[in-house]
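Subject: Structure handover

Hello,

Please find the structure below. My notes on what was found in it follow.

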Amino acid sequence: MHKIVITGGAGFIGSHVVDRLSVEFAGAEVVVLDKMTYAADIMNLMDLLRPSTAELVVGDVCDYSLCFNLMRGADLVIHAAAESHVDRSFLSSIPFTQSNALGTHTVMEACRNAAVPRIIHVSTDEVYGEVLSGAADERAEMNPTNPYSASKAAAEMIVNGYRHSFKLPVITVRANNIFGIRQFPEKLIPRSIMALLQGEKIQLHGDGTNVRHFLSALDFADAIILLARKGELFDTYNIGSPDEFSNLVVAQMICSEIGLPFDENVQFVRDRPFNDRRYAISWDKITCLGWAPKRSLPDELPAIVAWYRQNINHLSRRMKWAQE
Amino acid sequence: MRLALIGRNSFIARHVHKCAQAQGIEVTALAHDAPSDAVQGMDTVVNFSIDPSWFSQAYRTDRDCDLRAARAAAHAGAHFVMCSTRRVYPDHARFPGREGTPANGDETVYGRNKAVSESAVLAAANGACTILRLSNISGPEHGITGRRQGFFAQMLASLHRDGVIRFDMSPATRRDFLPVEICAQGILLAARDRPAATLNLGSGTPTRCGNLAQWIMEGFGRGTLVVTDNTARDEFFLDMAVWRSHFPRFPLPDENALKDLCINLGRELRDA
């Protein structure tokens, strides 16, 4: 690989993929395209921004000419840019459709015209909607239930259209809830950690019994590297973890790690307008390529809490800025 | 207060002049080569002028603009304010730089010359002198010509010209940046209160240079950050305890103010 472009590379998931790209494809030019919205942080790339490793381009994936110019000559494009926070999508959903659907359309069109030979589109397991029992494989129908997952499903439809109409060599990935360091403190795990570190209570939607699977960002990045090398073009892969926990259990784990009693540090708040009870996917297809999750949330949590403790001042400022 | 500003065309002097006018202060703005008797009748003299050789050649008394201005102020019975630099702090004593530590200059000729000049000014002013050690002063430097090619000026110029900000250092490099408007207010405060002291004047907060580039590009709408060397270099910030003891109500900026400054600079550049 000579040139790799990754959109959303300064965000949480993207920056972990950039970490792995810089090691696995050492010598390749890695171009990070990121709009640098509230959830992105140049700090996520600090160690990687150096000659012949990575460069940051601040811009919008909806900007076609920018995308086309960057993607010319790319051997691989990883499209990870997205508005991703479900709660925000209930409050203001149009930016989700703009970034996730129109942005994906723009990236795909730029890739088509730039004749990019391999594209990985990062989607989500939420496109399947609620899976109350069993697990959805890649052939299951999409049934999104909130503005965020609907915008991601719309993006997938556009990708599918490009696959069929233009034989665009895209691989789509649908992953579980991803955890790790650098995640902006709005999702359950980092938000709860930050709340306790700031002397506040963890807020849980509804009764907290909703269930999610939790996948390490490092395992996810490993999967992307594998698919960059061996993934079947035009195909879709689920990327999952067996770690299934209710929000209540996750909150208990965090309280325990920080050393605070659960009962006194959790507050139940009004649920989302609609909140899927459970997501579940099977990831047998990527297992056949040789990938398996290696990390678990209980094992990783101490290091994650330590990272948020170490960066609490910087993150507090970013949280304040995000509210402005 | 009757205030004389020597070196009226400098980046900082122009902001001090504007700020003084807004406060109704009577200002006499002088060129760098104004005769020494031009400061007669003044209460305070602030010097911004500097000899071009200051950045490359060893100290010479006859090229010390601060010393010349300090002598003129002393002759006129006026208080003198010297705008010195954080570069008087040697490399090992600038995180933070504190007024009490020996200040013989850093690795630059400019830093060493200013350190020598501080001693000469103190002697010449006979106590009627305030020395301000300024951090990196930041503001709308795009389009400014001449010697001043500071960190912000370089970022703004290359972003406007090429759509690129180039770093020859790690984006994680931490420095102390002070918006020029706040710097101007601080200088005016010192000129009015005339403390016989050496004071740091910065934000007192180390900020990562990469964040500044991020915020400027955010305001500009787009841009590329290219890093040619990932070494952290020239890190510093100023301890502001002494300043706070003199001016406890002076609002020092936090990182929010720097973020706003950068985003606004980016927007102004986009609309230029």
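I begin with a sheet in chain A. Three strands make up an open sheet there, in the order β7-β9-β11, and their pairing is mixed. β7 (177-179) and β11 (244-246) of chain A are the edge strands, each pairing on one side only. On average, neighbouring strands in this sheet are turned by 50 degrees against each other, with direction ignored. Please keep in mind throughout that this is a predicted model.

Within that sheet, β7(A) runs parallel to strand β9 (residues 211-216) of chain A, and three bridges join them. If you want a place to look, find Ile178(A), which stands opposite Leu215(A) in β9(A). A helix belongs to this picture too: α7 (residues 217-230) of chain A lies across β7 and β9 of chain A. The angle between helix α7 and β9(A) is about 65 degrees.

Chain B has an open sheet of three strands as well, with the order β6-β8-β10 and mixed pairing. Which strands of chain B stand at the edges? They are β6 (136-138) and β10 (206-208); each has a single partner strand, so one side of each is left without a neighbour in the sheet. The twist from one strand to the next averages 60 degrees.

Strand β8 (residues 174-179) of chain B pairs with β10(B) in the antiparallel sense, over three bridges. Here Asp176(B) is the residue opposite Pro206(B) in β10(B). α6(B) lies across β8 and β10 of chain B and runs at about 60 degrees to β10(B).

Next, the interface between the chains. How many residues of chain B are in contact with chain A? There are 22 on the side of chain B, and they touch 21 residues of chain A. Together the two chains bury about 1800 Å², with 54% of that on carbon and sulfur atoms. In chain B, the residues that lose the most area to chain A are Gln214(B), Arg222(B) and Asn256(B), which together account for 27% of what that side buries.

Two salt bridges are counted between chain B and chain A. One of them is formed by the side chains of Arg317(A) and Glu255(B), at 2.6 Å from N to O.

Which elements of chain B supply at least two residues each to the side that touches chain A? They are α6 (209-220), β11 (223-227) and α8 (255-271). The largest share comes from α6(B), with six residues. This is the helix described above as lying across β8 and β10 of chain B. By class, the side of chain B that touches chain A has seven nonpolar, nine polar and six charged residues.

Strand pairing also crosses from one chain to the other. Strand β3 (residues 54-58) of chain A and β11(B) run antiparallel, joined by three bridges. In this pair, Val58(A) stands opposite Gly223(B) in β11(B).

Finally, there are two points of backbone geometry to look at. As background, most residues other than glycine have a negative phi, and most peptide bonds are trans. Met36(A) is not a glycine, yet its phi is positive, at about 55 degrees. Met36(A) is found in the loop between β2 (29-34) and β3 of chain A. β3 of chain A is the strand joined to β11(B).

The other point is in chain B. Is the peptide bond from Phe95(B) to Pro96(B) cis or trans? This bond is cis, with omega near 10 degrees. Pro96(B) sits in the loop between β4 (79-85) and α3 (109-125) of chain B.

Regards

Technical notes:
Residues numbered from 1 in each chain as written. Chains lettered and ligands numbered in written order. Predicted model: local features only at pLDDT ≥ 70, side-chain atom pairs only at ≥ 80, totals over all residues. Heavy atoms only, no water. Contact = heavy atoms within 4.5 Å. Buried area = accessible area lost by both parts, 1.4 Å probe. Salt bridge = Lys/Arg side-chain N within 4 Å of Asp/Glu carboxyl O. Helix = DSSP H or I, 4+ residues; strand = E, 2+ residues; numbered from the N terminus. Nonpolar A, V, L, I, M, F, W, Y, C, P; charged D, E, K, R; others polar. Pairing = 2+ DSSP bridges. Axes fitted to C-alpha atoms, helices over the stretch in contact; angles between N-to-C directions.
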